[in-house]
Amino acid sequence: MSVPLKFHYDVHGEDFTSAGNASVQAKKALRQLGYDPNIIRRVSIAMYEGEINMVIHADGGSADIIVYPDYIEIVLADKGPGIPDVSKAMQEGFSTAPDNIRSLGFGAGMGLPNMKKHTDDMKIDTVIGEGTTITMRVNT
Amino acid sequence: MIEKINHSVLLDVDKCKGCTYCLKRCPTEAIRIRNGHAVIHAERCIDCGECIRVCPYHAKQAQYDRLEDFKDYKWKIALPAPALYGQFDNLDDLDYVVTGLLKCGFDDVFEVARAAEIVSEFTRQYLKREDIPKPVISSACPSVVRLISVRFPYLLDNVLPILPPVEIAARMAKEEAMKKHPELKEEDICALFISPCPAKVSYVRNPLGTEKSKIDGVLAIRDIYFKLVSAMNSIDVPDANSETGRIGVSWAGTGGESSALLNDKYLAADGIENVIKVLDEIEKENFAGLEFIELNSCNGGCVGGALNVENPYIARARLHIMRRYLPVATAHVTGDTDAMMWDKEVEYNPVLKLDSDRTEAMHKMQRIQTIAKCFPQIDCGSCGAPTCAALAEDIVRGEASEEDCVIEMRRQIHAIYDHLGKMVHDTYNPTEDKK
């Protein structure tokens, strides 16, 4: 395979209730490719958490899944406010999510930690005022 | 012998011992014990299911349809309730439920959760309107709407005038099916609710907010459960997809409908006794600043319905875990919502009224008060009425007599004994008197 297979999803930020749909699409596509359910689960959870974060904090962005022969890469990019303190944001329980979505179960401060937990490698590039790009890798 | 009652509750007269469990628990005082067994006042019953849950002899059974009854239809659509997803151990992907239902003999699945998400989106918009009385009360639980229609008529204007999610689901499912399969006519299709709740059986027979329901049958979750579990266990990779979001799944438990409003000014209560207390408070206008009231007749919400398999709190805990990686919502309002609104007002049903004539009603009330004073006020239920006041009312309505009160009866017998005793004594001891 010379050119890796790529899936691109736009994550719309204007309507919170649409958040999380891209990872469902990605899950369907990976299932069609015949991946192990556990791999699919890890990719879709990592992507889901990132997608929710982009909608809550960055007014949306884009999500790309790139399928390489021995790993899957997930790239989430937004033009949001950036993360001021990455190590703090990585702490379990730290959250800046608004109150009105907490009764739906969001805002537990598990988003970034979950992304790290479910992937084999995770890199955060963030610039205050310009945006954040998170690149994750799940070995297949 | 099973006697048919005009509701979702069937009474097995042979099993009924005529005890007072259901009598005392019925929130609308719809039950009496007559000739040694329970009798349900059909007009007063709101189908809350309390009597089914509380009967120690299992004499009360929920009535529901069976899948076999619908084999003549060309196209059978399952409408699974959100509560269904909480019934399974170790389930982490709803696609298994949808695929499993297709294996159980349904031709198509339309998740009620999808319609619930649409109701949520509509409600978010509705709450922004200036011309509506607040707080807005959810119309999703049929027992609550029926309770309001018999006991809280002043609050009918506060009830959200949209059809319940399952009704919207039935309508959308049939339309979708006819679009996908133009060869199907509406009469070829049946929409069958996989229900946690006997009140929906009664809703389909006597709909609220519409003339005729598009739901063709109500199947019980617990009736289809084992077949579904074995179908789900045989699935290697599910080939059908669930289209439910976090909001839709959350509707299964109390607080779910409210959480979907993305608005903190709500109250969510469950259990019919609590529901009545909350409605009493709203009627007294004690809740300033609240925008939305979610009320569920069953403890825990729909996961507490009498047709479920699993304990409501276990089911809800599972749903909380399961919903974690679901999209927030998948279904949205598209186009006109007119077809989803009530097309027939829910009206005050004055079953508790003593008389249609006000003066006559006042006379009757006075008589009730006078008669009730003669009773011991211990509300023992032995007379067949739930309280002494209810017995007095039954007497005035001509449905009972004062001799039904065993305490009063005992007092009278004692009085007769005393009187007889005195007479006997006087007869045989005539001289004593003369002392």
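**View 1. The crossing of helices α3(B) and α8(B) is right-handed**. Right-handed means that the near helix is turned clockwise from the far one by less than a right angle. The model is predicted; local features need pLDDT of at least 70, side-chain atom pairs count only at pLDDT 80 or more, and totals for chains, interfaces and linings use all residues. Helix α3 spans residues 95-103 of chain B and helix α8 spans residues 221-233 of chain B; helices are DSSP runs (H or I, at least four residues), numbered from the N terminus. Their axes come within 8 Å and cross at roughly 110°. Axes are lines fitted to C-alpha atoms over the stretch in contact, with angles from 0 to 180 degrees between N-to-C directions. The two helices are therefore roughly perpendicular (65 to 115 degrees).

**View 2. Chain A meets chain B through 25 residues from each chain**. Contact means heavy atoms within 4.5 Å. The area buried between the chains is about 1900 Å², and carbon and sulfur atoms give 53% of this. Buried area is the accessible area (1.4 Å probe) lost on putting two parts together, summed over both. On the chain A side, A:Thr17, A:Arg31 and A:Leu104 lose the most area to chain B, together 35% of what that side buries.

**View 3. A:Arg31 forms a salt bridge with B:Asp95**. Their closest N and O atoms are 2.7 Å apart. A salt bridge puts a side-chain nitrogen of Lys or Arg within 4 Å of a carboxyl oxygen of Asp or Glu. Five salt bridges are counted between chain A and chain B. Residues are numbered from 1 along each chain as its sequence is written.

Methods:
Chains lettered and ligands numbered in written order. Heavy atoms only, no water. Parallel < 35°, antiparallel > 145°, perpendicular 65-115°, else oblique.
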